[in-house]
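Subject: Structure handover

Hello,

The structure is placed below for you to open. My notes on what was found in it follow.

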Amino acid sequence: MKRDHQEISGSGSKPAESSSIKGKLWEEDPDAGGMDDELLAVLGYKVRSSDMADVAQKLEMLEKVMGTAQEDGISQLGDTVHFNPSDLSGWVQNLLIEFNGPTTTPDPNFNDDSEYDLRAIPGVAAYPPVKSDPGLENTRKRAKTESSSSSSSTTTRPVVLIDSQEAGVRLVHTLMACAEAVQQDNLKLADALVKHIGLLASSQTGAMRKVATYFAEALARRIYRIFPPDSLDPSYNDKLQIPFYETCPYLKFAHFTANQAILEAFSMASRVHVIDFGLKQGMQWPALMQALALRPGGPPAFRLTGIGPPQPDNTDALQQVGWKLAQLAERIGIEFEFRGFVANSLADLEPEMLDIRPPEIEVVAVNAVFELHPLLARPGGIEKVVSSIKAMKPKIVTVVEQEANHNGPVFLDRFTEALHYYSTLFDSLEGSGVAPASQDLAMSELYLGRQICNVVACEGMDRVERHEPLTQWRTRIETAGFSPVHLGSNAYKQASMLLALFASGDGYRVEENNGCLMLGWHTRPLIATSAWRLAGTESGSELTQELS
Amino acid sequence: MAGSNEVNLNECKMVVPLNTWVLISSFKLAYNLLRRPDGTFNRHLAEFLDRKVPANLNPVDGVFSFDVLIDRATGLLCRIYRPATAEEPEPNIVELEKPVVGDVVPVIIFFHGGSFAHSSANSAIYDTLCRRLVGICKAVVVSVNYRRAPENRYPCAYDDGWTAFKWVNSRSWLQSRKDSKVHIYLAGDSSGGNIAHHVAARAVESGIDVLGNILLNPMFGGQERTESEKRLDGKYFVTLRDRDWYWRAFLPEGENRDHPACNPFGPNGRSLEGIKFPKSLVVVAGLDLIQDWQLAYVEGLRKAGKEVKLLYMEQATIGFYLLPNNNHFHTVMDEISEFVSSDC
């Protein structure tokens, strides 16, 4: 009966059917209350079934209020900053507030606009009172739901292929077969295959050739147990980062988005302290310092603590960077203080060493760009560092990590993931407009090649390139007692504009993901920036109770 | 004005499930924020708000996907959806372009909607829809990430559609065993339906067979204001004003809605008489204000002697096919399945 459809328009009304539809429309499943609506979840929207009617009401409210404004475009909302569109309820709420004007009493601890204390909203929008504490409790519960669901969700394997060629496929096939042989400890076969790869690779051009060559070399090292000689010299990596910074936008994006979050966290402070977990050449800081210098009301006093590995030649690389930044600070008129700390591992840091001043005096930001994943190589490493971070009482923690699954337990899986990931990365470098034979490009490729080598050839404490996807970092960081600070549409827009400047028309894309920003090449996200604060710092003790 | 709005909202809510209403209303709200009166589009905010999903080699409900950059120069990308097989439950990178297995394997080239300005092949709503089509039609689906207006006006979307069509047609791994040819269907919703029509026309002109067109609430229009446009303006999520905006954004500057891209059987259109145009399945939602144009399109096909099946879903609004929570959805999916499988 349901399938008895008519071809031409006609009266066609089926009363029985429409009433059954109507009956279903507004029926609320009493059991579904605390759960997200499944159908909307698939489409990227997290709305609890029990909140659906409320969200609908708010949408209607907005429609009414915006009704007349539609005549001349909704220009007054043009400057609104949007956050976390997956949280439909929050998004709509935000717009209602924007449209009605701020009616909440601003929480003095909130300097960024990332979250609104929804309990404080008076009944301007007349929707029925919700039984439990709406906004913040929802946020907490949602975070919980998210973390529990992300641990059980299957991992995604995104792949972007460049229009394939026959030879490329054979090459990949052989690489995979070789990795499989290694996985099965069939070293004789692996050896034969690795030699074959070399042959196949030589007939390739471009990114495929380079990627295959690096993977083949890494496989060979694994087979013959000849580990990379300078894998233990992180300072070399630091130097390779400069050409990588120059040739492609990944690092620029990382610095830029992290700085956005830091700037917002610093907005009212008169003294600020950035603790950079990996100072390297300090490339992230001039832009932040310049932005601070331009702050209306004048710049804060800026203190930078830079952490770095020991240098093989015992030079004080950190001090050199600090000195350059001090010169910049003087030029632009910022009070500047620098301190460098040499450490083999972040886990060796003791927060007392860093001279943390009380939060009323100085606002702290902790910055970790590609610095957390190596800690996964030693047991207890990440836990130690996370607890150190907490002891630093930061207002904001910025984390940038590779969006990749290179730390699974099975070698073959890691190999496959890495093959996809670095193929995409190398493809993006290929189109980057840098002259093919440039020194910078070669160094950038070497920088990535060393990562490949580490992922494929090393094990145990030596395997430091333990990249994990954002969903896993989120779970880890939230469980450790942090709450997300959402990066909004303003940061997104500026990051996109930055890309247009530095990487025009080459397929780089920024994506928003539950309050974090990701940079990818076409549809494949490659790095992710997230920002965090200590849970319970903004809204009182109810939150910590909620979490425990 | 306020009074009639209230009536509208209530009517609207009567015909769709609550979560559908919330979904489409949110889109409507977002889209209102993105269109500027001067004809420009807030692309950054659009991309920020759009919910996207990555491709996934891990099969989900029996379907896996991967992206292919088919034209590096324009950045044209397609997302390919394939059924996971019993032999290869976990496809790896070398299996992606393994030949399809079967005497007859339909390949559906899908063009997502969004009124030429919104959405992408990797938008969650379209990723979900394409995955469904794989199962329903036992087909490979190729979703085209065509360039959008207003940054890229006519004919960019059609050119991209054509590029994708040629690419699909030339993949040996997509050929059906029966005749070593790729069995192509064109499908799309809203602007995607419009693109499907124009790509089909170009295909037959070039002597390449298209086995069928599937048009879901296809986006057509014209200079004239039709009865349905006047009657339904603003009543079910869509206004005439926003329709006008999108045409102005897509059509070449200075052109009006009787341009053949918009109005293929209008005063500047061309009859398809004598042309081997494929059979069409056209789905029209009874609460879509542009239905008169869609019905006129069907009429135009009929007059030219082309095979066309009209599915008029009386109580359906735009976007009904995005969520499987209504009868229209299931009816249409069954019809699509039959339409594609009848080619054996």
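Salt bridges

Asp355(A) and Arg357(A) form a salt bridge through their side chains, at 3.1 Å from N to O; a salt bridge here is a side-chain nitrogen of Lys or Arg within 4 Å of a carboxyl oxygen of Asp or Glu. Asp355(A) counts as partly exposed because its relative accessibility is 32%, and Arg357(A) counts as partly exposed at 22%. For these classes, buried means under 20% relative accessible area, exposed over 50%, and partly exposed in between, with a 1.4 Å probe and protein chains only.

Before going further, two notes on conventions. This is a predicted model, in which local features need pLDDT of at least 70 and side-chain atom pairs count only at pLDDT 80 or more, while totals for chains, interfaces and linings use all residues. Residues are numbered from 1 along each chain as its sequence is written, chains are lettered from A and ligands numbered from 1 in the order in which they are written, and side-chain values use heavy atoms, with hydrogens and water left out.

Over all chains, the structure holds 42 salt bridges. One of them links Glu512(A) to Arg51(B), with the closest N and O atoms 2.8 Å apart. Glu512(A) lies in strand β8 (residues 508-513) of chain A and Arg51(B) in the loop between α3 (43-49) and β1 (63-71) of chain B, so this pair joins two chains. Both Glu512(A) and Arg51(B) are buried. Helices (H or I, at least four residues) and strands (E, at least two) are DSSP runs, numbered from the N terminus.

In chain B, Arg231(B) and Glu227(B) meet in a salt bridge of 2.9 Å, N to O. Both lie in helix α7 (residues 227-232), four residues apart, which is about one turn of the helix. Arg231(B) is partly exposed, with a relative accessible area of 39%, and so is Glu227(B), with 46%. Elsewhere, salt bridges that share partners join Arg43(B), Glu47(B), Asp50(B), Lys52(B), Arg148(B) and Glu151(B) into one network.

A lysine without a salt bridge

Lys279(B) sits in the loop between α8 (240-250) and β7 (280-285) of chain B. Lys279(B) is buried but has no salt bridge, and the nearest side chain of opposite charge, Glu307(B), is 5.3 Å away. Lys and Arg count as positive and Asp and Glu as negative; His and the chain ends are not counted. What does the side chain of Lys279(B) reach? It reaches the backbone oxygen of Phe339(B), at 2.9 Å.

Strand β3 of chain B

Strand β3 (residues 106-111) of chain B is mostly covered, with six of its six residues buried. Pro106(B), Ile108(B) and Phe110(B) point one way from the strand, and Val107(B), Ile109(B) and Phe111(B) the other way. β3(B) runs parallel to strand β5 (residues 183-189) of chain B, joined by six bridges; two strands pair if DSSP finds at least two bridges between them. The partner of Pro106(B) in β5(B) is His183(B). β3(B) also pairs in the parallel sense with strand β4 (residues 140-144) of chain B, over five bridges, and Ile109(B) stands opposite Val142(B) there.

Chain A overall

Chain A has 18 helices and ten strands. Of its 548 residues, 55% count as buried.

Regards

Technical notes: Polar contact = N/O pair within 3.5 Å; in protein donor to acceptor, adjacent residues only side chain to side chain.
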